[in-house]
Every structure is written in C-alpha cells, then in structure tokens.
Amino acid sequence: MARVAIIGDSTSVAGFRPLGFAVFPVREPEAARALWDGLLTGGYGTVFVTEPVYAALEDLIAEVVDRPLPAVTVIPGAGSAGGVGEAKLERAIVRALGTSMPITEEEG
Amino acid sequence: MTKMRVNPNRMELLKLRRRRDVAKRGHKLLKDKFDELLKEFISRINANRKLRAEVERELAAAYGLFAVARGEAGRTTIEEALLSGAPGEIVETAERNVMSVRVPELTLTELPEPGGYSLATMPVVLDEALAALGAVAPKMLELAGREKAIELLAAEIERTRRRVNALEYVLIPSIDETVRDIQMKLDEAERGNLTRLMKVKDMIAQQQEADEER
C-alpha cells in the first residue's frame with residue numbers, strides 16, 4: 001500500500017485533500033524543491049505535479065525516471081496551458097525510438 | 001574494424017569461432033526482444049495519449065467547478081472546507097513483468113468519502129466539484145502507472161538497442177575480421193611449410209641423383 005502525493009498551487013491541489021491525497025500546496029513552484037527529498041523517502045507510490053512545478057523540478061524528476069516508484073506524473077494545474085505531460089511522454093518516445101512519433105488519432 | 005590482439009593459432013581460431021556463434025545467437029535474441037519491446041511500447045503510447053487527453057479534460061472541468069464554488073462562497077471558506085480529510089494509503093502497488101521490465105501497477109483502493117464540512121453553508125457546486133475529482137482520480141492513477149511503464153520501457157529499449165548495435169556493429173565484425181586474419185596467417189604458414197617440404201624433397205632428390213652418378 002502506498003500514499004499519493006500532489007504538489008502544486010493551492011487552487012489546483014486543495015480539492016484532492018478530501019479524497020485522501022497528501023496535498024503539498026506551494027506558493028512558488030521553486031518551493032517544491034525543498035519538499036522533494038521528503039517525497040522520495042515518504043513511501044509515496046505516485047507523485048502528481050502541476051505543470052509549473054514540473055518545470056521547476058525537471059532535473060530532480062529526471063533523476064527518478066528510471067526507478068519503478070514513485071511514478072511522477074504531470075497534470076495540468078488550474079489555469080496552466082497544458083501539453084507539458086505530453087511533452088514529457090514525447091521525451092520518452094525520443095529516448096526509445098531515437099525520433100519523435102507523429103500523433104495518430106485514428107489508431108488504437 | 002579493430003582486430004583483436006590474439007595469437008594467430010588454431011586454438012584461438014576455434015575459440016573465436018565459438019565466441020562468434022554465441023555472439024550471433026545473443027544478437028538474434030536481443031534483436032527479437034527489441035522488436036517485441038517496440039511493439040509493446042507503441043501500443044501503449046497510443047492508448048496513453050487518449051487517456052491523458054481524457055484526464056486533462058476532466059480535470060479542467062473539475063477546476064472550473066471549484067472556481068464556481070470559490071466564487072459563490074469565497075476562497076477562504078472553500079479552502080477551510082477542503083481541510084477536512086487526511087492523507088491515507090489509497091493505492092495498492094504491485095509489480096508486473098513486461099518483457100523483463102518490472103513495471104509498477106497502481107490500483108486505487110477505495111477513495112474516502114469527501115465530507116466533513118457544513119452542508120448548510122457550502123454551495124452545492126462544491127459537492128459536484130469533489131465528485132468530479134473523485135471520478136477523475138482513478139483515471140489519474142491509471143495514467144500515472146501507464147506513463148511510468150512507458151518511461152521504464154523506453155529506458156529498456158534504449159539499453160537493448162545499444163546492446164544490439166554493439167554486437168552487430170562492433171563485436172561481431174571485429175571477431176569476423178580477427179578470424180579472417182588468423183585464417184590467412186595459418187594458410188600462409190601452411191603454404192610456407194609446403195614450399196619448404198617441396199624444396200627439401202627436391203634437394204634430397206638432387207642429392208640422390210648425384211650419389212647415383214658417382
């Protein structure tokens with residue numbers, strides 16, 4: 001059994017607290033750096049980060065990308081443009097295939 | 001291609017040939033693994049893109065409902081109401097083996113029922129917003145598990161590709177070249193021996209002729 005953490009601005013993440021998520025509201029995305037070590041050792045199976053937090057922590061998140069847990073996932077925050085999660089996935093694709101893959105909507 | 005520094009003798013030749021056979025077998029296996037990993041990877045990518053779009057859309061809708069709730073009751077009231085509830089262990093983690101890559105499997109156990117705030121003072125839309133988040137939470141966890149699996153598969157694919165390439169373009173050609181080199185040196189020695197033998201035979205024959213004439 002594991003816990004689920006979510007980091008982001010309080011407007012985006014506050015609603016997850018009643019659902020049992022461990023919520024870490026940060027005023028500035030950079031403030032999440034101080035929380036990161038605690039999150040890695042805190043027995044969290046999944047860490048959700050909002051897009052601005054992901055942009056601030058990209059280097060730290062890249063360090064755990066090859067570990068099975070925690071699974072760090074980008075979610076759009078309230079009012080962010082979106083598309084960062086897709087870009088993160090795109091990097092995995094480039095890593096695997098050596099090139100990016102066009103989006104094929106009709107497949108699957 | 002760089003030749004290996006080995007003694008050009010029959011023993012090394014046999015050893016190298018055996019090594020080449022093993023390398024070729026390994027290359028074929030790794031290549032098959034690589035192809036299978038790619039197939040798995042691409043099918044996962046396509047499924048994941050759909051799920052991510054769905055999660056992002058539903059989250060945006062839930063954020064919208066929260067914004068309405070904040071507008072109706074005020075930011076501080078809503079934030080106080082949302083302080084109810086405590087973080088708990090809400091996911092079950094298991095590991096699954098996909099082509100020798102251990103990927104985590106995250107399953108959401110029961111979500112706690114949101115509540116603990118006054119229903120009289122809170123707007124109805126807050127309940128709806130929480131219900132919307134509750135509906136998207138299982139999908140978020142599924143997405144987290146799938147994306148992690150994709151990242152781990154990507155790392156494995158990269159590793160396997162390097163191994164395949166190292167075997168295909170470095171080790172096997174280098175062994176081939178060394179084998180060819182040793183073979184040529186052995187052939188050369190063989191020819192040298194043969195010529196020497198013929199020469200000695202000639203000399204003996206001449207010697208015998210000279211003896212007979214005397």
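Modeller: Two strands pair if DSSP finds at least two bridges between them. The model is predicted.

Colleague: What is the order of the strands in the open sheet of chain A?
Modeller: The sheet has four strands, with parallel pairing. E2(A) (22-25) and E4(A) (71-75) each have a single partner strand, so they stand at the edges and one side of each is left without a neighbour in the sheet. From one strand to the next, the twist averages 20°. The order is E2-E1-E3-E4.

Colleague: Which residue of E2(A) is the bridge partner of Ala5(A)?
Modeller: E1(A) covers residues 3-8 and pairs with E2(A) in the parallel sense. Four bridges join this pair. The partner of Ala5(A) in E2(A) is Ala22(A).

Colleague: Which element gives the most to the largest nonpolar core?
Modeller: This core holds 53 residues, and Ala5(A), Ile6(A) and Ile7(A) touch the most other members. Both chains supply it: E1, E2, E3, H3 (51-63) and E4 of chain A, with H1, H2 (75-81) and H3 of chain B, each give at least two residues. With eleven residues, the top contributor is H3(B).

Colleague: Which residues does Ala5(A) touch, leaving out those up to four places away in sequence?
Modeller: Ala5(A) is one of the core members with the most contacts to other members. Beyond its sequence neighbours, Ala5(A) touches Phe21(A), Ala22(A), Phe24(A), Leu39(A), Tyr44(A) and Val47(A).

Colleague: How many residues of chain B are in contact with chain A?
Modeller: On the chain A side, 40 residues take part. On the chain B side, H1 (10-73), E1 (91-98), E2 (101-108) and H3 (124-213) each supply at least two. H3(B) has the largest share, 20 residues. By class, this side has 32 nonpolar, eight polar and 13 charged residues. The chain B count is 53.

Colleague: At what angle does H3(B) run to E4(A)?
Modeller: H3(B) lies across two strands of chain A, E3 (44-50) and E4. Its angle to E4(A) is about 120°.

Colleague: Is H4(A) roughly parallel or antiparallel to H1(B)?
Modeller: The axes of H4(A) (residues 84-97) and H1(B) come within 11 Å and cross at roughly 175°. Angles over 145 degrees count as roughly antiparallel. Therefore H4(A) is, relative to H1(B), roughly antiparallel.

Colleague: Which residues of H1(B) make the contact with H4(A)?
Modeller: H4(A) brings Gly85(A), Glu86(A), Leu89(A), Ile93(A) and Ala96(A). Across the whole contact there are five nonpolar, two polar and two charged residues. H1(B) brings Phe41(B), Ile45(B), Asn48(B) and Arg52(B).

Colleague: Is Glu58(B) buried or partly exposed?
Modeller: Glu58(B) lies in helix H1 of chain B. Not counting residues up to four places away in sequence, Glu58(B) touches Ala132(B), Ala135(B) and Val136(B). A residue needs 20 or more other C-beta atoms within 10 Å to be buried. Glu58(B) has 17 within 10 Å, so it is partly exposed.

Colleague: How far apart are the C-alpha atoms of Glu58(B) and Glu156(B)?
Modeller: Along the chain, Glu58(B) and Glu156(B) are 98 residues apart. Their C-alpha atoms are separated by 32 Å.

Colleague: Which residue takes a positive phi in the hairpin of E1(B) and E2(B)?
Modeller: E1(B) and E2(B) run antiparallel, joined by eight bridges. Glu92(B) stands opposite Thr107(B) in E2(B). The hairpin has two residues between the strands. The residue with a positive phi, near 50°, is Met99(B).

Methods: Residues are numbered from 1 along each chain as its sequence is written. Chains are lettered from A and ligands numbered from 1 in the order in which they are written. This is a predicted model: local features need pLDDT of at least 70, side-chain atom pairs count only at pLDDT 80 or more; totals for chains, interfaces and linings use all residues. Two residues are in contact if their C-beta atoms, placed from the backbone, lie within 7 Å. Ala, Val, Leu, Ile, Met, Phe, Trp, Tyr, Cys and Pro count as nonpolar, Asp, Glu, Lys and Arg as charged, and the others, Gly among them, as polar. Axes are lines fitted to C-alpha atoms, for helices over the stretch in contact, and angles run from 0 to 180 degrees between N-to-C directions. Angles under 35 degrees count as roughly parallel, over 145 as roughly antiparallel, 65 to 115 as roughly perpendicular and the rest as oblique. A residue is buried if 20 or more other C-beta atoms lie within 10 Å of its own, exposed if 12 or fewer, and partly exposed in between; C-beta atoms are placed from the backbone. A nonpolar core is a set of buried Ala, Val, Leu, Ile, Met, Phe, Trp, Tyr and Cys residues joined through C-beta atoms within 7 Å.
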